[in-house]
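Look over the sequence and the structure before reading on.

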Amino acid sequence: VAAAMAAERGVAMATCTAPVNIAVIKYWGKRDTDLILPINSSLSVTLHQDQLKTTTTAAASRDFTEDRLWLNGKEADVGHPRVQACLREVRRLARKRRGGAEDTAALSLSYKIHIASENNFPTAAGLASSAAGYACLVSALARLYGLEEELSEVARRGSGSACRSMFGGFVQWQRGERPDGTDSLALQVAPETHWPELRVLVLVVSGEKKPVGSTAGMQTSVETSPLLKHRAEVVVPERLAQMMRHIRDRDFEGFGQLAMRDSNQFHATCLDTFPPIFYLTDVSRHIIALAHRYNTHHGHTKVAYTFDAGPNAVIFALADAVAEFVEVVRRSFPPATNGDQFVRGLPVGSAALSPELVAAVVTEPVPGAVQYILHTKPGPGPQLVDDPSQHLLGADGLP
């Protein structure tokens with residue numbers, strides 16, 4: 001009924017959700033800043049939307065007088081070049097699909113659109129909000145205009161890493177060779193069901209905006225870091241093949257070691273950038289040392305860290321290691337006040353730590369350094385929201 005009423009008022013609407021992804025082989029550096037073409041391929045794990053997601057509603061109507069955008073309830077600049085690039089590309093594909101003819105039943109491409117988007121996590125806190133945001137925008141627009149095709153290429157025009165959020169599970173963004181970028185797209189390596197025991201812990205040390213945005217940071221790196229050039233040309237191609245093998249074999253030892261090495265090399269290229277860029281903080285480094293002490297104590301890789309362009313740690317572990325490691329983190333970074341809210345997301349069992357483990361691993365506690373832990377797991381790609389009550393825009397096209 002709601003859809004029929006909306007149609008009567010001439011407002012067409014579509015709502016989608018999209019996931020965050022975390023790269024285990026990092027993307028850093030563009031060879032084409034306009035088309036957003038990377039200097040190397042990358043590989044990521046899509047996180048479950050029950051814990052981290054963007055929801056976006058796109059609406060079109062003959063009555064709208066201008067394109068408008070709302071982010072987390074506040075009106076934002078719809079003229080942003082990357083938002084415009086996505087809009088333009090989706091409309092171009094829709095036009096192409098219609099063979100240039102205006103199908104009277106189909107939504108008019110000349111109608112202005114309203115877009116509302118919300119994250120259930122802090123924006124720009126190094127939690128890949130742009131990836132989820134643009135993947136979601138493109139999914140909602142595509143649904144609005146009735147597009148089915150390969151959309152990762154369109155999402156890439158919004159934010160490079162967004163192309164990887166167009167799929168669930170384990171995803172590769174192929175560098176591509178063509179100057180027009182038509183072969184620079186995302187492919188699913190394996191679905192989220194492939195490795196059911198894999199778990200993810202996001203250790204949020206700060207919900208602040210990062211000191212240097214990724215867009216500016218990575219181009220300074222491209223211009224000044226010889227290490228980045230070596231990484232892109234020599235190191236990544238080999239690592240990508242290895243990582244795909246580890247995922248295929250569900251080899252956590254290999255997967256974890258390589259994820260940590262690649263994260264460390266990415267941050268080394270930031271340090272090799274001139275002037276240098278620092279995304280890791282003292283707390284980040286404490287977490288790195290803690291993970292190594294923990295693995296050393298157990299004699300093999302039980303946890304693996306990776307850091308994007310920010311201080312928050314993403315820890316991979318198998319399900320049977322989660323409770324103990326969470327307790328280790330709680331002892332190492334005793335929560336200031338929110339003891340009850342310290343662990344969020346999927347439930348975590350309780351674990352007793354042996355005195356040997358505590359002595360070897362929990363060396364100098366730093367109270368309050370970790371704000372909270374989010375427990376999640378790999379999940380699916382963008383989803384259509386069928387329930388009209390979930391739309392972020394009303395029948396009038398306003399939030």
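Which residue in β9 does Arg68 stand opposite? The residue is His114. This is a predicted model, where local features need pLDDT of at least 70, side-chain atom pairs count only at pLDDT 80 or more, and totals for chains, interfaces and linings use all residues. Residues are numbered from 1 along each chain as its sequence is written, and side-chain values use heavy atoms, with hydrogens and water left out.

**The sheet**

- Helices (H or I, at least four residues) and strands (E, at least two) are DSSP runs, numbered from the N terminus.
- Six strands form an open sheet in the order β8-β7-β9-β6-β1-β17. The pairing is mixed; two strands pair if DSSP finds at least two bridges between them.
- β8 (74-76) and β17 (383-384) are the edge strands, and each pairs on one side only.
- Strands of a sheet pair through backbone hydrogen bonds, either parallel or antiparallel.

**Around β9**

- Strands β7 (residues 68-71) and β9 (residues 112-119) run parallel and are joined by four bridges.
- β6 pairs with β9 in the antiparallel sense, over eight bridges. Ala60 has Ile113 in β9 as its bridge partner.
- Six of the eight residues of β9 are buried, so the strand is largely enclosed by the rest of the structure. Buried means under 20% relative accessible area, exposed over 50%, and partly exposed in between (1.4 Å probe, protein chains only).
- Helix α3 (residues 129-145) lies across β1 (11-19), β6 (53-61), β9 and β17. Contact here means heavy atoms within 4.5 Å.
- α3 runs at about 145° to β1. Axes are lines fitted to C-alpha atoms, for helices over the stretch in contact, and angles run from 0 to 180 degrees between N-to-C directions.

**Arg92**

- Arg92 sits in helix α2 (residues 81-97). Its relative accessible area is 39%, so Arg92 is partly exposed.
- The C-alpha atoms of Arg92 and Leu109 are separated by 9.2 Å, and the two residues are 17 apart along the chain.

**Backbone details in loops**

- Phe274 and Pro275 are joined by a cis peptide bond, with omega about -5°. Pro275 is in the loop between α7 (252-272) and α8 (282-298).
- Asn72 is not a glycine, yet has a positive phi of about 50°. Asn72 lies in the loop between β7 and β8 and is partly exposed because its relative accessibility is 37%.
- Arg250, also a residue other than glycine, has a positive phi near 50°. Arg250 is in the loop between α6 (226-248) and α7, and is partly exposed at 42% relative accessible area.
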